[in-house]
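Q: Please walk me through this structure, one feature at a time. I would like the general idea before each case.

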Amino acid sequence: MTSMLGALAGAGAGAVAGGLPERRVRPIWDAIDSRQFKNALKLVSALLTKHPNSPYALSLKALILERTGKPDEALSICLKAKELLFSNDSALTDDLTLSTLQIVLHRLDHFDLATSCYEHACAKYPSNLDLLMGLFNCYVRESAFVKQQQTAIKMYKVAGEERFLLWAVCSIQLQVLCGSGGEKLLLLAEGLLKKHISTHSLHEPEALAVYIALLEQQEKYADALEILCGNLGSLLPVEVDKLQIQGRLLACKGEYYAAAEVFEKILEICPDDWECFQHYLGCLLEDGSRWENRTIQDKLLKMEISDDQTPFFADDLFDVRISRATGFVQKLQEKSGSDFIRCPFLADLEIERKKLLHGQGDSNKLIEYLVLYFSRFGHLACFTSDVELFLQVLSPDERLKLLDKVLKISDSDSLGPVKKLGRSITVFKFQEMTRNAGQIPVTDIEDSALEMVQMYCDNLPLSKDLDQQESMHGEELLSMACNALVQLFWRTRNLGYIMAAVIVLEFGLTIRRYIWQYKMSLLHLYSFLGASSLAYEKYKALEVKNILLESVSHNILPQILVSPLWTDLSNLLKDYLKFMDDHFRESADLTCLAYRHRNYSKVIEFVQFKERLQCSNQYFLVRVELPLLQIKQNAHNVDEVKCILEKSRSGAVFIGLLNEMGSKSLTFNEDLETRPWWTPIPAKNYLSGPYEDISNISTEELVKERKALLPKYIERRCLLPRMIYLSIHNAFLLKDGVEANGSVPDPNILSELMSLLERYAKFLGHPLNVALSVIGDVARGSKSVEVFGADLIDWVNLAVFFNAWRVSSHEEAKVAEGYNFHCWKDVDSLLKKCLVHKLETISTDTSIMSDLPLILQLMTEPLAWHCLFLQSCIRILVPSGKKKKKTGSGDHSSPKLASAVRDSVQSLIGFMEELQKWLREWVVKSEDDNLKRQFLSMTSRGGAEGPEKVYKILKDTVSSASSAEVGDRIMGALKSWNPSEHVLRVVAEQRAMLLQTLSICESRIGALNALNKQIGQV
Amino acid sequence: MTWAGAHRLIRTGVATELNRGWSRRDCKSETNTAGGRRKMTSIRKFRCEDLLRFASVNLDHLTETFNMSFYLTYLARWPDYFHVAEGPGKRIMGYIMGKVEGQGESWHGHVTAVTVAPEYRRQQVAKKLMNLLEDISEKSDKAYFVDLFVRASNIPAIKMYEKLGYVIYRRVLRYYSGEEDALDMRKALSRDVDKKSIIPLKHPITPDELEYD
């Protein structure tokens, strides 16, 4: 808005804006800016009485109407303005009018109309740069790269400015990178630039960067080098920037030695640039893998690649190159006077590692360097992540040898207390990295955990004078202790360890409440314990918002999706969608801003980033989960569900999403490093399975597996809304069928549902008839529910929707031959079997909280879909009003249907009551919860067992600490610590989850009873 | 961009910063593509995709996660003032975002936010990032000074800025959400030969008296 006012600024008395007197227009803008829309509307109406055919005045009115929440009226005024612009040749067509119109149309999601206004105006005034620019922006908003290019070229021809040519070149690059343009287009862009340079040269560093990138994209490295080292190279004012590009180009060209020399120069200026050192060494060893077979984006973005492919290299040459590197590194080390420059010392390790990979190294030497690196930087928190790579080339025995040496050093050195603490932490981490966790005796792990907690407590005085907002010394120790305690639980199944982990972290948060790592671990621990509301509380405490919703919310989303916390879930899903949709709405404007400020590389980045977010797996999932949640919440009211479905064109929108997913590959933007070790990816939680050796399981493999499985899961979810709609609709069609002389319902609807069923079955790995046979077998008891494995819900969904299809298809007899599945009966029996199976498993185990989500899902998904279908059936059987007793000519099918529906409703009531009884029993049991008992014994006994010992350390710390030692703030926190509060809250929240599930169950029973009553009228 | 967002304090482990805000108003200043003298740690320009990787830095309670248009506006207008420090293994150590603005002798670099991940604190990462921004302001944009705003209560941060050569130029009353005062700290660059830009003001000012929003 301010830019509009800006356009008005400077207009003197009698000035004109959009063909109207400026003095009349300004107050309107002022009113809009100060949100006095009523006043603005009054002013604009007055203006319109005098200028009824002014497109600008109309645009202003539309803008005000849109702002006051009247989109339909705003659109119709926009259309009127557009019509005037198109039909009335004398109407003023200026950028002020069009950009105002564009703002409104953009907000109304009618880009196309704005574009056509600009297109019309540009055709009328082909040399008007303002209008062309407006048109260009419209094409940016529509991602119409070809049209952007054509418009930019027009502007270039009109004004001859370098920037417009670059806009065209960017548009060409976008066609190649994000559109369907072939790489040959790059040649065209190169030609355009060459021609311009020959007459005008280049004047902006970004223009040079684009030119070089363009040549690189075509692998014309020599040409790019020539440009860089020629006159144009002086456009880059910073030597290092230039050298970076030069080194990269030389390496890509295969001139490794020359490239290495360039990287040497950079390292002399920036001795701590680790990435540069890796490039340097790679080039010395002529390792082309760093540069070859990478897409141009990778090259430009300098993305990390595996550098362990040592090329074939003659030994003597290898020696020469390595000794050059060694000599250079030595020089760097001598020059570096700062304690903070790590790269030259880490370089020794890297050289030794390369030697080992080449078959010439000496692991003792590597160990020696590691020990040296430890003595220099062992106190730093990043030490272990620095050296992780190098431990991988050592054998288990060598690692133990290293650990021995490190332990000796850490004992012998005399350091200040902070550094000493840092080193001790590093040693703990080092131990974790060097030993195979599976082989460490439980007692050793327990000792470590206790030692960590003790060390944290002992070092509290070090943080005495720190501000509460500053990181405390030794904070990491509690996270590490938690990791060890969780490991102990996994190995021993002693729930006390989990509770000890909770207490340790909550203790830490009592002392300093800002530590996100503690909160994150607690979030996962509470989730595991089934205290979903506590987990969500911790998630909220992390203040995840904006882009973090995309990268961090995976920590809570899967759990909350299957919890009864529907309000919180709804908020989470809505916040996420709002963030994404807001970004998609404003992203093009920001791209326009980058164009305007001539930051062309950002133009490309913005467009690619938007695409990346648009293809986000989470974005696809959340879009479908929100309506599914709303359907679940309203499953007792089929009319409400129909309204919900209408918003997504009766679920067809999600079938469209499926097609979109087919044409693009999903992106995975989650930052998995924020997750604790026991659940490295959302679908995996080691704690829910028995103890196993995971030292050989790489997170990369898990991620790969997830990337393969998740799209299939999302696809299945996307099918649901449409299937729900079709099944409900089918039932209503049945009504039509019944009344319309018993004719068959709309065959299109039926065939669509059938095709979706086939698709759904395919996701389960079977053709539909086979899948139904399996379901039939389970329903009739010849196979166990266990054959469904983890996809139980999907199998039941399939049965439910197939039933809906078959009931309406009037082809029961015919299909019975093809499918080993008994309509109604099998569905009822299947639902019951699944539930009973679950309840039986739980009654022999204490895993109630971990199984609760599945029970809830069974009750709120397949069962709810089935209930919706039942409701629709009852609607046709018990028509409302006077028609109640009137029956159609298709009446003959009703008694059969009525009896099937009645049986099904009663069967559902039967086992829902069973579930209700069972849940009530658990609610009572939860009063005397296992966890609570364990904790009570832990706090009452003297600390003989592990979890108790942890508690004892904390208790002793609290009782022995003094303000003089730890300061008033920490002392106050220690005093306020109340461990029993945490345990009692866990137990209370577990109970609350049971109660919420029970309440959903009871409301479902209520709804079913109502249905039963209705069907009784037939 | 919400005002509430801009008014929150951002900080690093040791030090922290935030500017008063940011305006959608089109700035006429020219952006110059120059890098800075990158010393030590791998420091490179911030890219959009880093937004998906900075969680471990931004989950820190005082590091504000702004809305997208805030970040992208900085990237679109002042990409040379937005840098990220990376450690071995491509881990994000911290980042700095800033801008250049003003007219005549008040043409200056501004630090909007600088933050460092807990794992990399007490290693001078913030200092390196600050030096880089000062370098760009000095050499590429020929600015007269660099300034920043800090909560008056954030003593560790103020101390760190003082160590880096910043002085308290003035106090801005109730700058943070109308509650806490901000200190406007400045460091003169070589173009300000007489160091006029850093002569402290005698009286505090109110937010509406600020030259730039």
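A: Start with burial. A residue is buried if 20 or more other C-beta atoms lie within 10 Å of its own, exposed if 12 or fewer, and partly exposed in between, with C-beta atoms placed from the backbone. Helices (H or I, at least four residues) and strands (E, at least two) are DSSP runs, numbered from the N terminus. In helix H11(A), the buried residues are A:Leu186, A:Ala189 and A:Leu193. The model is predicted: local features need pLDDT of at least 70 and side-chain atom pairs count only at pLDDT 80 or more, while totals for chains, interfaces and linings use all residues. Residues are numbered from 1 along each chain as its sequence is written, and chains are lettered from A and ligands numbered from 1 in the order in which they are written.

Q: Where do the buried residues of H11(A) fall, seen down its axis?
A: The general idea first. An α-helix has 3.6 residues a turn, so residues three or four places apart point the same way. The buried residues of H11(A) fall within an arc of 60 degrees, so they line one face of the helix. The arc is that of the directions from the helix axis to the C-beta atoms.

Q: Which exposed residues sit on the face of H11(A) turned away from its buried side?
A: They are A:Lys184, A:Gly191, A:Lys194, A:Lys195, A:Ser198 and A:Thr199.

Q: What do the buried residues of H11(A) pack against?
A: Contact is the term to know. Two residues are in contact if their C-beta atoms, placed from the backbone, lie within 7 Å. The buried residues of H11(A) pack against helix H10 (162-177) and H12 of chain A. After H11(A) comes A:Ser201, with a positive phi near 60 degrees.

Q: What span should H11 of chain A have, at 1.5 Å a residue?
A: The expected span of a helix is 1.5 Å times one less than its number of residues. H11 (residues 184-200) of chain A has 17 residues and should span 24 Å. Its end C-alpha atoms are 25 Å apart, which agrees. Buried residues of H23(A) include A:Arg423, A:Phe428 and A:Phe430.

Q: How many helices and strands does each chain have?
A: Chain A comes to 48 helices and two strands. Chain B has five helices and seven strands. Along the sequence, chain B follows α-β-α-α-β-β-β-α-β-α-β-β.

Q: What share of each chain counts as buried?
A: In chain A, 46% of 1018 residues. In chain B, 58% of 213 residues. Sequence separation is a further check. Among contacts between residues at least 6 apart in sequence, 68% join residues at least 24 apart in chain A. For chain B the figure is 71%.

Q: Which residues have the most contacts inside the largest nonpolar core?
A: A nonpolar core is a set of buried Ala, Val, Leu, Ile, Met, Phe, Trp, Tyr and Cys residues joined through C-beta atoms within 7 Å. The largest has 365 residues, and those with the most contacts inside it are A:Ala481, A:Leu485, A:Ala501, A:Val504, A:Ile775 and A:Leu798. Helix H26 (residues 495-511) of chain A gives the largest share, twelve residues. Leaving aside neighbours within four places in sequence, A:Leu485 is in contact with A:Ala449, A:Tyr497, A:Ala500, A:Ala501 and A:Val504.

Q: How many residues does each chain give to the contact between A and B?
A: The size of an interface is often given as the accessible area lost when the parts come together. Here, count residues instead: 56 from chain A and 53 from chain B. Among the elements giving two or more residues on the chain A side are helix H1 (2-8), helix H12 (205-217) and helix H31 (566-596). That side divides into 25 nonpolar, 13 polar and 18 charged residues. Ala, Val, Leu, Ile, Met, Phe, Trp, Tyr, Cys and Pro count as nonpolar, Asp, Glu, Lys and Arg as charged, and the others, Gly among them, as polar.

Q: Where does A:Arg649 lie?
A: In the loop between helix H34 (638-646) and helix H35 (652-663) of chain A. A:Arg649 has a positive phi of about 45 degrees although it is not a glycine. With 14 C-beta neighbours inside 10 Å, A:Arg649 counts as partly exposed.
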